[in-house]
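Try each task before reading its solution.

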Amino acid sequence: MVELLAPAGNFISMRAVLENGADAVYFGLDEYNMRANAKNFSLDDLPKIAKMASDYDAKTYLCTNIILKESEIEKLKNNLDVISSSEIDGLILSDIGLIEDAVSHGLEAHVSVQENVTNSHTLKTLHKLGAKRAILSRELSIEEITEITDKSPIETEIFIHGAMCMAISGRCFLSYGLYGRSANCGDCLQPCRKNWTLTFEESQNDAVSNTSDVSEESFVISKSYDDTYRTNFFSPKDMCMIEHIPELINTGVSSFKIEGRARSPDYGAMVTGIYREAIDLYLNNPDEYEVNPKWMEELKSVFNRGFDTGFYFNVPYETSETNQSKYIKKDIGQVVNFYNKVSVAELRVWDDLKIGDKIMIQGETTGSITHVIDSMQIEGQDVKEVPKNSNVGVLIPTKVRKNDFVYKLIERSQQ
C-alpha cells in the first residue's frame, strides 16, 4: 500500500487534503523549511496538527529541509523535545547530522530530496545512520527508481505532482545571486519563473576559429537567438503523473508526494482527491484499471504551469508559461451561518452571484469544497440572481462553517 503524502501550508489546507484522502501530511515551521514565503506553522501549533491528523488516521511529517548553519542547527536540536512531545511522526531532513538526534527523540528521520539521493549505496549509508526513508532525486527515471528501490534497505519516496525546480533537486543560487534571498534557506523569489531575454554574443575571432568545434546545427540555433527572443526557458512545467499511476506503484516506492505547500487549499483538495481516486482504483482492481480523462481536466482547473512528466521518461518537455488553470478564484463573500436541518448556508456576498455560478468555500474545519449554485433564497423567496452587498441562503449538501471564505470561480475565457 503506497502512502499518499500531501502538503499543508496552513490549517485550511491541512483540513482540505485530509478530507480528500491524504495518508500523511507534511508542513513547515517558521525559519526551518523550504517555503519561508508560505504561512507555515509555529511550535505551538504542533499538538493541534497531530490531533487533526490522528482524527483521519494520517501521519505527520515536519519539514526542516533548509541548509542549517551552526546557530540554526543548535536551535533546532534544542527544540526537539518540544517537537517530539507534540506526537508528530517524523522530520524531513536535508542535514544528515540531525538523523541520530531525530531518532533518539522517537521521531522518524526522512531524508529530503535536497540530499540528491541517486543510488542504493547512499540509501545503505543513510540506513546505518538511522534514517527510515529517503526522498529520491527528481532527476531519476522510472527504471532507475525501480532498481534503486529494489536494493534499498529503507523506504523510498518520489514526487508525483507539482512544481519542478530548474536546479538539481532544488539546490539553486539564482535567487540569492540576484536578490540576496536564498532558495536553500527557504526564501526563493523564483526569478526562474520570470520572462527572460536570451542573447547570443560572439566575437569575430570566435566565429572564425571555433566554428570547427561546434556542430552546424547548434551553431545555427545559437545564432537565431537575439535580444527580441523572450522565453521562460529557466522554468519547467509542473509535474503531473496522473496518467502513470500503475508504473509508479510498480517501482515499489513507499510514498507518493504532492508538491505545493505554498499553494491554495483548493489546489491541495483537488490534487489529493484525484490521486486518491486513481491509486485506490488501481490497487482495488489492477486488471481493469483505466485512466479517467476527467482527472486531467480537473487537475487543469487549479493552479498549474502546464503539465510534464519530469525526468521519469528521461527528458522533460518544453518550458512553462505562467498559471494555466482554467479558473480565476475571486473573493466574493463569507459564510454567516449554516442551518444543518435544511443544509442551507447563509452567505454575505460583496459581489454578484447567480444560479449556475461555481463557488468555492474554504475554512479551517471545512477544508475546501466546490459547489455549483442551483438554489438560492432571500427572505424565503427563490431568486436567480443576487446583487452585491446582500445576504443570501444557498442550498449546499456539504456542511460549511461561520466565517468560512467564499470564492467565485470564473473561467479565464470569460475574462
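**Exercise 1: a histidine in a strand**

Task: Is His161 buried or exposed, and which residues surround it?

Solution: Keep in mind that this is a predicted model. Start with the accessibility: His161 counts as buried because its relative accessibility is 3%, and the cut-off for buried is under 20%. Then look beyond its neighbours within four places in sequence, where the contacts of His161 include Met239, Cys240, Lys257, Tyr267 and Phe307. Tyr275 is also a contact, and its side chain makes a polar contact of 2.9 Å with the side chain of His161.

**Exercise 2: a covered strand**

Task: Which strands pair with β1, and which way do its residues point?

Solution: Begin with the partners. Strand β1 (residues 3-7) pairs in the parallel sense with β11 (residues 255-258) over three bridges, and likewise over three bridges with β2 (residues 24-28). Leu4 stands opposite Phe256 in β11, while Leu5 has Ala24 of β2 as its bridge partner. Now the faces: Glu3, Leu5 and Pro7 point one way, Leu4 and Ala6 the other, and all are buried.

**Exercise 3: a surface patch**

Task: Where does Leu189 lie?

Solution: Leu189 sits in the loop between α8 (174-179) and β8 (196-197). With 34% relative accessibility, Leu189 is partly exposed. Together with Leu178 and Tyr179, Leu189 forms a nonpolar surface patch of about 260 Å² accessible area.

How values were computed: Residues are numbered from 1 along each chain as its sequence is written. This is a predicted model: local features need pLDDT of at least 70, side-chain atom pairs count only at pLDDT 80 or more; totals for chains, interfaces and linings use all residues. Side-chain values use heavy atoms; hydrogens and water are left out. Patches are made of residues with over 30% relative accessible area and no salt bridge: like charges are joined within 9 Å, nonpolar side chains (Val, Leu, Ile, Met, Phe, Trp, Tyr) within 5 Å. Accessible areas come from the Shrake-Rupley method with a 1.4 Å probe; for residues, only the protein chains shown count as cover. A salt bridge is a side-chain nitrogen of Lys or Arg within 4 Å of a carboxyl oxygen of Asp or Glu. Helices (H or I, at least four residues) and strands (E, at least two) are DSSP runs, numbered from the N terminus. Buried means under 20% relative accessible area, exposed over 50%, partly exposed in between (1.4 Å probe, protein chains only). Contact means heavy atoms within 4.5 Å. A polar contact is a pair of N or O atoms within 3.5 Å; within protein, one must be able to donate a hydrogen and the other to accept it, and residues adjacent in sequence count only if both atoms are side-chain atoms. Two strands pair if DSSP finds at least two bridges between them.
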